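Morning, everyone. I have one structure for you today, and I will keep it short. Please look at the sequence and the model first.

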Amino acid sequence: MPLAVELDDVSFGYDARRPVLEDASFEVPAGQFVAIAGPNGGGKTTLLRLIVGLVRPQSGTVRVFGEPVGAAARRGLVGYLPQRAQLGIEAPATVREVVSAGRVTRRRLFGPLSSDDRDAVDASIARVGLSAQADEPLATLSGGQQQRAFIAKAIAGRPRLLILDEPTTGVDADAQDALAALLARLHRELHVTVLYVSHEFGAVEHVAERLLLVRGGVEFDGPPSALPERWHDPSHAHA
Amino acid sequence: MLDHEFMRLAFGAGAVVGVLAPAVGFFLVQRRMSLIGDGIGHVAFAGVALGYLLGIAPVATALVASVAGAIAVEWLRANRRTAGDQALALLFYTGIAAGVVFVSSAGALNANLFSFLFGSILTVTRGGLLLVAVVGGAGIVLIAVLYRALVAVALDEEGARVSGLPVGTLNVVVAGLAGVTIALSMRIVGILLIAALMVLPVTAAGRLARSVASTFVLSMAIGLGSVFVGLTLSYYADLAPGGAIVLVAAGAYVAAAASTRLAFRA
């Protein structure tokens, strides 16, 4: 099976004296649903930022679909949902405007949406169940619906790798379960590889095929059911 | 009122400024950089003063200084060399200090300088109107062409970066346009008040509109209306045009906020 993501001995630190990640290595076959959990400050988000090319490793290599990091993203192969705090939730945008932003690429930087773009936007909105709210302002929707809108934006470019950073933060328990079910369905229907970061992986442990526990490096890599008892609350993982 | 050529020139330049300032300001407000216009205004003051000192057109030196200052702030912010508010503070104080030094060296503390600070309807020349129309029109066209990309960055800067959009270049374009807008607008609205015309129409439109597109269009309409009403008040009541224009824009915000509150209660 082709590899979606390959990390080989990757190390990174925002401060040279305090590495966030050291010698992290793993491979993700295309089509897999991987949950990435771990304590706050353990390096989960940094791991994602390395994979999408927002930061560069100080040593080691990161490849996405066999290409240097960044190249696959520029070709539209990567859909990325950053943490909620990074999003323009308060902007006066409708769901349709948010999702349309997912169709802007380096090659299609200028001019209006094409009919293909509009079809893709409508299809993405329908997939996340927001067709009835398509022209509603984002600010009038619930936290869970807002996250659905940004997930629709992430899949609007028809990516092969979907990367989500703490998508359930700030939404209630019911909405968390609904988001997990939505991601499972998108994974199944779009045949997309999913990397899902959460400091509490409970919401997706039933849909993820594989769990990576990250704390300065990869401390556990296997099916969620095989996670040792002492790490069952990975948000407070300790050796 | 329009029998006077100076009023026709002021209305012509004001129309361009009234549309351009909120169009650029929209993207600054969405990125929580509403105050950058004030910082650039202080640098524009240094540019005007430098023009007096060197004996060349103050608008030209202000244009160069404003664009350079705006790009410098964006560079400081993007490269995390300093926090956003500290970068602005650096720009504010350096600009005003340089302006004071240049003005005192040139001995130019006079009424003409005050027309740059607070605006004057008597100072727009035919050549000035042509400059505002050509450069301002080009700015509006540039925003229209880049609109979708600029909105994508405003909604999700990291997502746009991952998609390979030239986010740094787009941010520099917005900063540069902010500099151009301030240099073009200072004769009408005044250096000290132009930033308000970039922000108040956008915040007023944000209270009424329900989408990015409608907020964008409505903010330009409010900007245009504020300039026209403000210039008219300025003519009949002999007021400084900058103050009149900005007070009308502030009134538009109060009216928008009141109408949404009334609609909420109804």
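Predicted model: local features only at pLDDT ≥ 70, side-chain atom pairs only at ≥ 80, totals over all residues.

Let me begin with the overall dimensions of chain A. The C-alpha trace of chain A spans about 50 × 40 × 35 Å along its principal axes. The radius of gyration is 18 Å, and a compact globule of 239 residues would have a value near 18 Å, so chain A agrees with the globule rule. Of those 239 residues, 47% count as buried. If you take the contacts in chain A with a separation of 6 or more, 70% of them are between residues 24 or more positions apart.

Now the secondary structure. Chain A has 6 helices and 10 strands. In chain A, 6 strands form an open sheet, in the order 6-7-8-3-9-10, with mixed pairing. The edges of that sheet are strand 6, residues 78-81, and strand 10, residues 218-222, and each of these pairs on one side only. From one strand to the next, the twist averages 15 degrees.

At one end of that order, strand 6 of chain A pairs with strand 7, residues 161-165, in the parallel sense, over 4 bridges. On that pairing, A:Tyr80 stands opposite A:Ile163 in strand 7.

Which residues have the most contacts inside the largest nonpolar core? They are A:Ile51, A:Tyr196 and B:Ala44, in a core of 166 residues. Helix 1 of chain B, residues 5-30, supplies the largest share of this core, with 15 residues. As background, nonpolar side chains in soluble globular proteins tend to be buried together.

Take A:Ile51 on its own. With neighbours within four places in sequence left aside, A:Ile51 is in contact with A:Val5, A:Val62, A:Val64, A:Val69, A:Ile163 and A:Leu195.

Next, the contact between the chains. On the chain B side there are 23 residues, in contact with 25 residues of chain A. Three elements of chain B give two or more residues to the side that touches chain A: helix 6 (126-155), helix 7 (157-162) and helix 10 (212-237). Helix 6 of chain B gives the most, with 8 residues. By residue class, the chain B side divides into 11 nonpolar, 7 polar and 5 charged.

A glycine in chain B is also worth a look. B:Gly206 is in helix 9 of chain B, residues 194-208. B:Leu28 is 178 residues away from B:Gly206 along the chain, and their C-alpha atoms are separated by 13 Å.

Last, two backbone angles to check. Most residues other than glycine have a negative phi. A:Asp23, in strand 2 of chain A, residues 21-29, has a positive phi near 50 degrees. A:Arg158 also has a positive phi, of about 50 degrees, and sits in the loop between helix 5 (143-156) and strand 7 of chain A. A:Asp23 is partly exposed, with 15 other C-beta atoms within 10 Å. A:Arg158 counts as partly exposed too, with 15 C-beta neighbours inside 10 Å.

That is what I have.

Technical notes. Residues numbered from 1 in each chain as written. Chains lettered and ligands numbered in written order. Core = buried A, V, L, I, M, F, W, Y, C linked by C-beta atoms within 7 Å. Buried ≥ 20, exposed ≤ 12 C-beta atoms within 10 Å, placed from the backbone. Contact = placed C-beta atoms within 7 Å. Nonpolar A, V, L, I, M, F, W, Y, C, P; charged D, E, K, R; others polar. Pairing = 2+ DSSP bridges. Axes fitted to C-alpha atoms, helices over the stretch in contact; angles between N-to-C directions. Rg over C-alpha atoms; globule rule 2.2 N^0.38 Å.
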